Amino acid sequence: RSAEDVRKPFRDRLDRTSKPRLPWHDVGAAVEGDPALDLARHFITRWNFNKKTKHPYDQSYEYLLPNSYNYKQPPVLSSQAVCNVQVIRSLSKWSGGINIPEISIYESYLHAITNAQSFIYVENQFFISNSDKQIAGDLLWNRISNAIYERILKAFYNNEAF
């Protein structure tokens, strides 16, 4: 526990000059098949961009090449562990060297919120939303908080249990 008063989030009992922030909430999973290939390609893209921009002359930090030509479907670990997954990500010029941003995480949030049937639960340590573009500008403007607001209004006007 670090925050003593939620109205004062930057005042707590920890000395931030000598103590790290609170620990991450990490989750692990085994991923197989096409989603694993998507994750590998994304990792290689990010790795190679970092190599090119930050370590171009470091020989110990090699470029990675995709190796999907000899891909074999691994055996299923357990029938209880099988599920369908979709890989979503964010990537842009500053994080991956691409000119057209990849915003599937943002688009998935908007889709899930808009189509929610009984409740909305969003957990993301990087969640920032500001639906007023005049105030936020292009850097922080997105429609996530607006989508939540609109979905709650829809439930209210339709007299839905939400």
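**Exercise 1. Determine which residues make the nonpolar surface patch of about 220 Å² in this predicted model, and classify L39 by its accessibility.**

Solution. The patch is made by V31, L39 and V85. Patch members need over 30% relative accessible area and no salt bridge, and nonpolar side chains (Val, Leu, Ile, Met, Phe, Trp, Tyr) are joined within 5 Å; a salt bridge is a side-chain nitrogen of Lys or Arg within 4 Å of a carboxyl oxygen of Asp or Glu. Areas come from the Shrake-Rupley method with a 1.4 Å probe, and for residues only the protein chains shown count as cover. Next, L39 is placed in helix α1, residues 34–54, where helices (H or I, at least four residues) and strands (E, at least two) are DSSP runs numbered from the N terminus. Finally, L39 counts as partly exposed because its relative accessibility is 39%, given that buried means under 20% relative accessible area, exposed over 50%, and partly exposed in between.

The model is predicted, so local features need pLDDT of at least 70 and side-chain atom pairs count only at pLDDT 80 or more, whereas totals for chains, interfaces and linings use all residues. Residues are numbered from 1 along each chain as its sequence is written, and side-chain values use heavy atoms, with hydrogens and water left out.

**Exercise 2. Describe the chain as a whole, then examine the backbone and accessibility of N159.**

Solution. The chain has 5 helices and 2 strands, which follow the pattern α-β-α-β-α-α-α along the sequence. Of its 162 residues, 17% are buried, while the chain exposes about 13700 Å², of which carbon and sulfur atoms supply 56%. N159 lies in the segment after α5 and, although not a glycine, has a positive phi of about 55°. N159 counts as exposed because its relative accessibility is 72%.

Key: Buried < 20%, exposed > 50% of the residue type's maximum accessible area, 1.4 Å probe, protein only. Patch = residues over 30% accessible without salt bridge, like charges linked within 9 Å, V, L, I, M, F, W, Y side chains within 5 Å.
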